[in-house]
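Colleague: I have a new structure to look at and have not seen it before. Could you put it up and take me through it?

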Amino acid sequence: MSTQADPMNTRIEGPSPAMAVAVDMAKRSLWLLPVIVVLSAAFWGVNGVASTLYALAIVVINFLLAGWLLAVTGRISAALMGAAALFGFLLRLGLIFLAVFAVKDASWVEFVPLGITLILTHLVLLFWEMRHVSASFAFPGVNPGVTPNPYLPDN
Amino acid sequence: MSAITNAAATVLAQAEVVEQTADEAKSISAASGAGMAYGLAAIGPGIGIGYLVGQAVQAMARQPESAGQVQTTMFLGIAFTEALALIGFVVFILLKFV
């Protein structure tokens with residue numbers, strides 16, 4: 001049985017799952033760090049490592065910004081959260097463009113590792129988090145909460 | 001003899017102009033291709049995110065008690081959809097800057 005849907009007046013109370021997921025992915029990116037540093041150093045040298053780290057920072061900040069936007073606007077109304085998700089997408093694409101454009105002439109930039117890292121770390125972190133989330137949905141009692149997260153409710 | 005030299009110099013100069021024009025045309029087409037790749041790659045995810053978020057907001061408004069689960073899956077869905085736009089962006093930077 002469903003209640004009357006009013007997205008304008010529905011507020012998302014309590015801790016923000018979106019921010020929790022974003023923080024979780026930021027923590028998981030630390031596990032990826034040595035792997036991508038070694039790989040980019042092997043193929044592209046020091047410049048490749050710098051570009052890879054820059055790309056990883058872009059991906060993590062992008063996730064955190066997305067989660068923060070949803071958390072803040074969700075406390076106001078669900079409809080505003082929808083608007084923030086859509087315009088946030090455009091905003092974040094613009095910010096990623098500016099972040100890459102700002103360093104395009106820098107001596108340390110290698111665009112191939114930067115691009116590969118942007119795509120691969122984004123997807124790897126997402127699939128990793130998706131497995132964690134689907135496992136915790138399927139077996140809520142087994143979810144150990146391995147990484148302390150201030151955005152998750154206390155169990 | 002000097003007429004032949006002048007003619008050869010003229011031909012060389014013309015060849016240089018043609019080469020410069022070809023380079024400019026190549027860079028213009030690369031720039032417009034890159035821009036189109038980026039723009040087109042952002043349209044699909046925009047539609048996808050709009051649909052996804054619309055349905056998720058409806059679900060949260062209908063059943064606020066399940067807002068946590070809906071929001072989590074919505075966030076992951078947004079990020080997956082956004083990966084398509086990121087791929088378009090990477091194609092853009094590779095075409096434009098490499």
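This is a predicted model: local features need pLDDT of at least 70, side-chain atom pairs count only at pLDDT 80 or more; totals for chains, interfaces and linings use all residues.

Colleague: Stepping back, what pattern does chain A follow along the sequence?

Modeller: Chain A reads α-α-α along its sequence, with 3 helices and 0 strands. It has 155 residues, of which 37% count as buried. Among the contacts in chain A with a separation of 6 or more, 81% are between residues 24 or more positions apart.

Colleague: How many residues of chain A are in contact with chain B?

Modeller: On the chain A side there are 39 residues in contact with 34 residues of chain B. The elements giving two or more residues to that side of chain A are H1, helix H2 (78-102) and helix H3 (111-138), and H3(A) gives the most, with 12 residues. Sorted by class, the side of chain A that touches chain B has 28 nonpolar, 8 polar and 3 charged residues.

Colleague: Which residues of H3(A) are buried, then?

Modeller: The buried residues in H3(A) are A:Pro113, A:Leu114, A:Gly115, A:Ile116, A:Thr117, A:Leu118, A:Thr121, A:His122, A:Leu125, A:Leu126, A:Glu129 and A:Val133. They pack against H1 of chain A together with H2 of chain B.

Colleague: What span should the 28 residues of H3(A) have?

Modeller: At 1.5 Å a residue, H3(A) should span 40 Å, and its end C-alpha atoms are 40 Å apart, so the two values agree.

Colleague: Take A:Leu126 as a case; what does it touch?

Modeller: Leaving out residues up to four places away in sequence, A:Leu126 touches B:Leu76, B:Ala79 and B:Phe80. A:Leu126 counts as buried because it has 20 C-beta neighbours inside 10 Å, and 20 or more is what being buried requires. Its C-alpha atom is 16 Å from that of A:Phe89, which is 37 residues away along the chain.

Colleague: Changing topic, how many residues does the largest nonpolar core have?

Modeller: The largest nonpolar core has 58 residues, and those with the most contacts inside it are A:Ala22, A:Leu70, A:Ala85, B:Ala56, B:Met60, B:Ile78 and B:Phe89. At least two residues of this core come from each of H1, H2 and H3 of chain A and from helix H1 (2-62) and H2 of chain B. H1(A) supplies the largest share of this core, 21 residues.

Colleague: What does A:Leu70 touch?

Modeller: Apart from residues up to four places away in sequence, A:Leu70 touches A:Ser16, A:Ala18, A:Met81, A:Ala84, A:Ala85 and B:Phe75. The C-alpha atoms of A:Leu70 and A:Pro17 are 9.3 Å apart, although 53 residues separate them along the chain. A:Gly82, 12 residues from A:Leu70 in sequence, is 8.2 Å from it, C-alpha to C-alpha.

Colleague: Is A:Pro17 buried or exposed?

Modeller: A:Pro17 is buried, because 26 other C-beta atoms lie within 10 Å. Beyond its neighbours within four places in sequence, A:Pro17 is in contact with B:Gly68, B:Gln71 and B:Thr72.

Colleague: And where is A:Gly82 found?

Modeller: A:Gly82 is in helix H2 of chain A and counts as buried, with 25 C-beta neighbours inside 10 Å. With residues up to four places away in sequence not counted, A:Gly82 touches B:Val53, B:Gly54 and B:Val57.

How values were computed
Residues are numbered from 1 along each chain as its sequence is written. Chains are lettered from A and ligands numbered from 1 in the order in which they are written. Two residues are in contact if their C-beta atoms, placed from the backbone, lie within 7 Å. Helices (H or I, at least four residues) and strands (E, at least two) are DSSP runs, numbered from the N terminus. Ala, Val, Leu, Ile, Met, Phe, Trp, Tyr, Cys and Pro count as nonpolar, Asp, Glu, Lys and Arg as charged, and the others, Gly among them, as polar. A nonpolar core is a set of buried Ala, Val, Leu, Ile, Met, Phe, Trp, Tyr and Cys residues joined through C-beta atoms within 7 Å. A residue is buried if 20 or more other C-beta atoms lie within 10 Å of its own, exposed if 12 or fewer, and partly exposed in between; C-beta atoms are placed from the backbone. The expected span of a helix is 1.5 Å times one less than its number of residues.
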